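Subject: Structure for you to look at

Hello,

Here is the structure I said I would pass on. Please open it first, then read the notes below alongside it.

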Amino acid sequence: GTFSSLDPAADRRVVSGPLVFDEDELLRLRLFLDRSVLELFIDDRIAATQRLYPTRTDSDGLKFLVEKGEVHIVRLSLWTLKPIWPNTVPTRH
């Protein structure tokens, strides 16, 4: 949420924490975005949730930072889920 909103009252804290794993270990990241809630699950070991209220038209990206070593993405999948509420139009991503 650091750059997603023009609102000066928006919470701009970066959510971070240490993640230590073996050099050849594969991690499974699952990321869910539902309008204003972003949830990240890492190998069923770590979970993070953040509220987002993007007001910028160019607020359409996500960034991961690796401080030591490197990460290779082996597979990336994206699904669009149907809304559970009637007469709701899915948001673009």
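One term is needed before the rest: a residue counts as buried under 20% relative accessible area, as exposed over 50%, and as partly exposed in between. Aspartate 43, at 24% relative accessibility, is therefore partly exposed. Please also keep in mind that this is a predicted model.

Overall picture

The protein chain has 93 residues, and 9% of them are buried. Its secondary structure consists of three strands and zero helices, so the order from the N terminus is simply β-β-β. The accessible surface is about 9,100 Å², with 56% of that belonging to carbon and sulfur atoms. Among contacts with a separation of 6 or more, 37% are between residues 24 or more positions apart.

The hairpin

Strand E1 covers residues 29–34 and strand E2 covers residues 37–42; the two run antiparallel and are joined by six bridges. Within this pairing, leucine 33 stands opposite leucine 38 in E2. Two residues lie between the strands of the hairpin, and arginine 35 takes a positive phi near 55° there.

Salt bridges

How many salt bridges does the whole structure contain? The search finds three.

One of them is between glutamate 25 and arginine 45, whose closest N and O atoms are 3.5 Å apart. This pair links distant parts of the chain: glutamate 25 is in the segment before E1, while arginine 45 is in the loop between E2 and strand E3 (46–51), 20 residues apart. Both partners are partly exposed, glutamate 25 at 28% relative accessibility and arginine 45 at 46%.

Another joins aspartate 44 to arginine 30, with the closest N and O atoms 2.8 Å apart.

Regards

Note on methods: Residues are numbered from 1 along each chain as its sequence is written. This is a predicted model: local features need pLDDT of at least 70, side-chain atom pairs count only at pLDDT 80 or more; totals for chains, interfaces and linings use all residues. Side-chain values use heavy atoms; hydrogens and water are left out. Helices (H or I, at least four residues) and strands (E, at least two) are DSSP runs, numbered from the N terminus. Buried means under 20% relative accessible area, exposed over 50%, partly exposed in between (1.4 Å probe, protein chains only). Contact means heavy atoms within 4.5 Å. Accessible areas come from the Shrake-Rupley method with a 1.4 Å probe; for residues, only the protein chains shown count as cover. Two strands pair if DSSP finds at least two bridges between them. A salt bridge is a side-chain nitrogen of Lys or Arg within 4 Å of a carboxyl oxygen of Asp or Glu.
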